[in-house]
Amino acid sequence: MSSLDQNQRLHPSCRDKTTVSSDSSDTCEPAKQPLQGLKLASHAVLEKAQERGRLKCSKCGGSRMFFCYTCCSLLGVSLQEIPVITLPVKIDIIKHPNETDGKSTAIHAKILAPNDVTIYTYPCIPDYEKDKVVLVFPGPGAVSVQDMMQCLLDMTESRSHGSSHEPCVKRLKSDEVQGATHTAESPESGNPDETKALESRVYPLQRVVFIDSTWNQTNKISTDERLQDLLRVELKMRKTCFWRHQKGKPDTYLATIEAIYYFLNDFHMHCLSREYQGEYDNLLFFYSYLHSVVNKAKTAAGKC
């Protein structure tokens, strides 16, 4: 499995990846906009924890704030004080081994959605069923979230007929999406039979893979033969709010937690055919708070 992290690393998940420059030339206002209007749990518990300062992790001895990104455990706050989210699909994060644990947002997802998120450190990669798993990563043949479901259905049908995988050329019509996805409601509302229907029929998507790495280090993981047969999904263009700047990279390079959040947002609307009402906003619980802390510090220093 993995070691995890708190700060930020860029996620190469689409031609819209991760970086908000922390250059003094950057203005704060554009970075604030994407985080406005989120339905978030109260940050009061984080404010109190910040006032108390860093604590020593009882497992590894590291000095940490809010959580230990090495041990994936909370510090200074309890599980009852933070939001815990149920996701509509399982998330796997493949972390580059050379990445500094303290510079990744992958840990945010693991702590806030512990039952649905797993982090692996490369070269540890599970064996995936190619017609049930997608890799969120740009490149030739990558499809949109909106087209993803039809492509997976095509792959499943192709396999059932014993033929090799062919590129998907048609999109899932909105009524077809609704016919598939409305056979069950969300995992949290419904009996076990409905949950089974959600997992086995509604998708066929069962798992989504993200790479957690700086852009310059993604090639080794993205070209690994164990990921080559997975359908690639590319997110539409969005700008990052990330405060850690990767020199020479555009502001469309998303932090890992941003990529996961935006994928689920699109998945909810395009694949589940439901109006998005903030169901996954709390994935940005830590991220939005840290973003505000960084912006306040920059403003105080006259950099904003």
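Predicted model: local features only at pLDDT ≥ 70, side-chain atom pairs only at ≥ 80, totals over all residues.
Let's start with the strands. Five of them, written here in their order across the sheet, are β7-β6-β9-β8-β10, and they make an open sheet with parallel pairing. At the edges sit β7 (117-121) and β10 (231-233), each of which pairs on one side only. From one strand to the next, the twist averages 30°.

Now look at one pair of neighbours. Strand β6 (residues 90-95) runs parallel to β7, and 5 bridges join the two.

## Helix α4

How far apart should the ends of helix α4 be? With 16 residues (145-160) at 1.5 Å a residue, α4 should span 22 Å. The C-alpha atoms at its ends are 23 Å apart, so the model agrees with that expectation.

Which strands does α4 touch? It packs on the sheet against β8 (133-136) and β10, and the direction of α4 makes about 175° with that of β10.

Helix α8 (residues 256-271) lies across β6, β8, β9 (207-212) and β10. Its direction is at about 155° to that of β9.

The two helices also meet each other. The axes of α4 and α8 come within 8 Å and cross at roughly 65°. Because angles from 65 to 115 degrees count as roughly perpendicular, α4 is described as roughly perpendicular to α8. The crossing of α4 past α8 is right-handed.

Which residues make this meeting? On the α4 side they are Val145, Gln146, Met148 and Met149; on the α8 side they are Phe263, Asp266, Phe267, His270 and Cys271.

## A closer look at asparagine 265

Asparagine 265 is found in helix α8. Is it buried or exposed? Its relative accessibility is 10%, and buried means under 20%, so asparagine 265 counts as buried.

What does asparagine 265 touch, leaving aside its neighbours within four places in sequence? The answer is Tyr276 and Tyr280. Glutamine 277 is 12 residues from asparagine 265 in sequence, and their C-alpha atoms are 9.4 Å apart in space.

Methods
Residues numbered from 1 in each chain as written. Heavy atoms only, no water. Helix = DSSP H or I, 4+ residues; strand = E, 2+ residues; numbered from the N terminus. Expected span 1.5 Å × (residues − 1). Pairing = 2+ DSSP bridges. Axes fitted to C-alpha atoms, helices over the stretch in contact; angles between N-to-C directions. Contact = heavy atoms within 4.5 Å. Parallel < 35°, antiparallel > 145°, perpendicular 65-115°, else oblique. Left-handed = near helix turned anticlockwise from the far one by under 90°. Buried < 20%, exposed > 50% of the residue type's maximum accessible area, 1.4 Å probe, protein only.
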